[in-house]
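Good morning, everyone. Let me put the model on the screen first, and then I will walk through a strand pairing, a metal site and some salt bridges.

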Amino acid sequence: MALFTGLIKIGSGITLTSLQHLSLDLGFVRENAVSNQSKKRGGRPVQSSSTGGINGFINNNHLIDLGFEGNPYTWSNNRRLSENIKERLDKAYGNTQWRILFPDVTVTHLPGKSSDHLPILIRTHKYNILGPKPFRFVAAWTRDTTSYWIIKSAWRQSVMGSDAEILSQKTANTSHALQRWNVSHFGHIQTRLKNLSQKLNSIQQQESTIENLEIEKNLKFEIDEQCKKEESLWHKKSRVQWRTEGDLNTKFLHLCTLISRRRNAIDFIRNREDKWISSREEIGDCLISNFQNLFASSNPVFPADLQGLISPIISKEDRAMLCEIPSVAEISKTLMKFNPLNAPGPNGMPALFYKTYWVTQITDLDQMVTRMVFDNFGVEKYHKSHVEASTYILRVIKYRDPQSSETNIGCGAHTDISFTTILHQNQVSGLQIKTKDGEWIDVAPSTNCSFIVMAAYSFTVWSNGRVHAPMHQVVMKGDKTRYSIALFSYGTWEFIDEEHPLKYKRFDNIQSAAFFSKSKGSLPMQ
Ligand SMILES: O=C(O)CCC(=O)C(=O)O
Ligand SMILES: [Fe+2]
């Protein structure tokens with residue numbers, strides 16, 4: 001790459017037309033007038049047209065302003081008081097490739113000695129040693145289903161302390177587990193993509209048999225998934241807010257990341273003595289002493305006569321309401337309104353984390369109910385192994401409102417093959433359950449945030465016929481669309497003793513569920 005470093009002084013000798021053919025990687029541009037008022041102090045107000053064609057030149061060459069540290073102005077007319085004018089006329093620009101090549105570039109306006117322009121120092125490499133990077137949850141992780149298990153097992157580790165301490169410790173455990181998993185499992189997207197592309201390349205050169213076409217289709221799907229993960233990773237790092245739909249333009253996001261990383265880095269600060277300091281230790285000490293001064297008071301007292309100065313405007317009822325511990329439903333409702341990636345807390349977890357893994361709360365409900373049943377049967381010792389062996393499948397179902405002639409919108413009578421099923425629906429009813437006497441009854445959840453926990457076929461098998469798995473169906477009436485969420489748990493069964501000999505042939509719960517959903521077969525019990 002040709003590296004051009006030089007001074008382009010518009011308006012004195014070099015004209016813009018003579019620059020049109022110049023390919024610029026890095027350059028200093030000295031304008032003869034600033035383009036906006038923020039770059040000027042004193043003198044006449046800035047006219048919007050005063051920079052001439054320089055913006056066109058910068059745009060045509062895809063140049064990026066490298067920013068600066070230090071004095072905001074680079075030129076002064078060195079006159080006194082009201083006659084003094086200062087402007088930022090000198091700027092360093094780099095093009096996209098150059099910017100990617102030197103991500104740590106810093107531009108410093110040094111103190112001026114003899115000239116009316118300040119000397120500018122450009123450093124291409126970072127000289128400070130970076131400190132440890134704080135943890136940040138990465139949106140791309142949610143695309144990988146194993147993240148669920150990592151989070152679930154980290155969150156389950158028992159910790160001691162107050163509620164706040166428990167939450168903070170569980171969050172810390174989860175972030176450590178995610179970091180370890182990220183390195184071992186998720187960190188090698190590029191290598192995986194390369195391997196997949198090689199496989200695709202070789203399969204495309206082979207004969208187009210049905211088998212090969214199937215492999216090719218799966219490889220393409222897998223490559224697409226990896227690209228989405230990669231894009232999502234860079235999207236998070238680049239903090240591009242305005243882009244909602246992806247075009248897999250990872251190079252663009254990579255550049256945005258470099259720029260925002262530079263923007264967020266503190267390379268220089270001015271201390272109390274008005275001196276610019278740049279070493280990591282000095283900056284750290286300066287920040288700490290500043291906060292110590294700010295918050296330390298030798299003898300804080302609250303003046304007695306200020307008591308009751310401000311009359312309370314919050315009523316007792318309001319206060320009671322504000323101090324009330326919010327219900328799980330309120331927390332869930334508020335959480336769902338948050339922008340998923342905005343403002344992660346100091347623990348690095350954005351709302352997306354809690355939104356995505358909220359389902360662990362429902363699995364808690366499943367475990368609570370099954371524990372009650374296990375306790376009741378006196379087999380609580382099996383509950384832990386049951387929980388550890390449990391797997392969940394979440395299904396979101398939409399039932400459209402039936403047209404006047406349609407009577408069969410819904411879901412036919414069946415018993416679930418899972419161990420338990422937890423159902424949650426919008427305000428539209430439709431679920432019916434068959435009683436042991438063979439009568440169909442409507443099931444109306446008691447509140448908008450109720451969950452229905454239902455025993456399913458494997459629970460009956462596990463309990464050797466003692467837990468009844470009800471038949472149920474969905475019959476749509478009315479004119480509203482119904483949405484429901486069904487969480488199916490798949491577990492173990494070991495509940496056989498002398499009094500209750502084995503009644504059912506053993507089977508694998510997940511495999512049988514897959515078999516029934518494929519064959520649409522009915523259960524052996526029915
Ligand atoms: O939508 C519902 O409420 C029930 C769904 C259901 O029974 C099922 O998916 O097995
Ligand atoms: Fe069901």
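I would like to begin at one residue pair: in strand S10, the bridge partner of His109 is Ile120. Strands here are DSSP runs of E with at least two residues, and helices are runs of H or I with at least four, both numbered from the N terminus. Strand S9, residues 106-109, pairs with S10 in the antiparallel sense over 4 bridges, where pairing requires that DSSP finds at least two bridges between two strands. These belong to an open sheet of 3 strands in the order S5-S9-S10, with mixed pairing. Strand S5 (69-70) and strand S10 (120-123) stand at the edges with a single partner strand each, so one side of each has no neighbour in the sheet.

A word on conventions: this is a predicted model, in which local features need pLDDT of at least 70 and side-chain atom pairs count only at pLDDT 80 or more, while totals for chains, interfaces and linings use all residues. Residues are numbered from 1 along each chain as its sequence is written, chains are lettered from A and ligands numbered from 1 in the order in which they are written, and side-chain values use heavy atoms, leaving out hydrogens and water.

For the chain as a whole, the secondary structure comes to 16 helices and 20 strands, and 37% of the 526 residues count as buried, meaning under 20% relative accessible area, with exposed over 50% and partly exposed in between (1.4 Å probe, protein chains only).

What coordinates the iron ion, ligand 2? The donors are His414 (NE2), Asp416 (OD) and His472 (NE2), at 2.1 to 2.2 Å, with donors taken as N, O and S atoms within 2.8 Å of the metal (3.2 Å for Na, K and Ca); water is not among the atoms, so sites may look incomplete. In sequence the donor residues are spaced H-x1-D-x55-H. Asp416 is buried at 8% relative accessible area, whereas His414 is partly exposed at 22%.

Finally, the structure holds 4 salt bridges, each a side-chain nitrogen of Lys or Arg within 4 Å of a carboxyl oxygen of Asp or Glu. One of them joins Asp65 and Arg88 at 3.2 Å, N to O, and this pair links distant parts of the chain, 23 residues apart. Arg88 is buried at 7%, and Asp65 is partly exposed at 31%. Another joins Lys220 and Glu216 at 3.1 Å; being 4 residues apart in helix H7 (residues 210-238), they are separated by about one helical turn.
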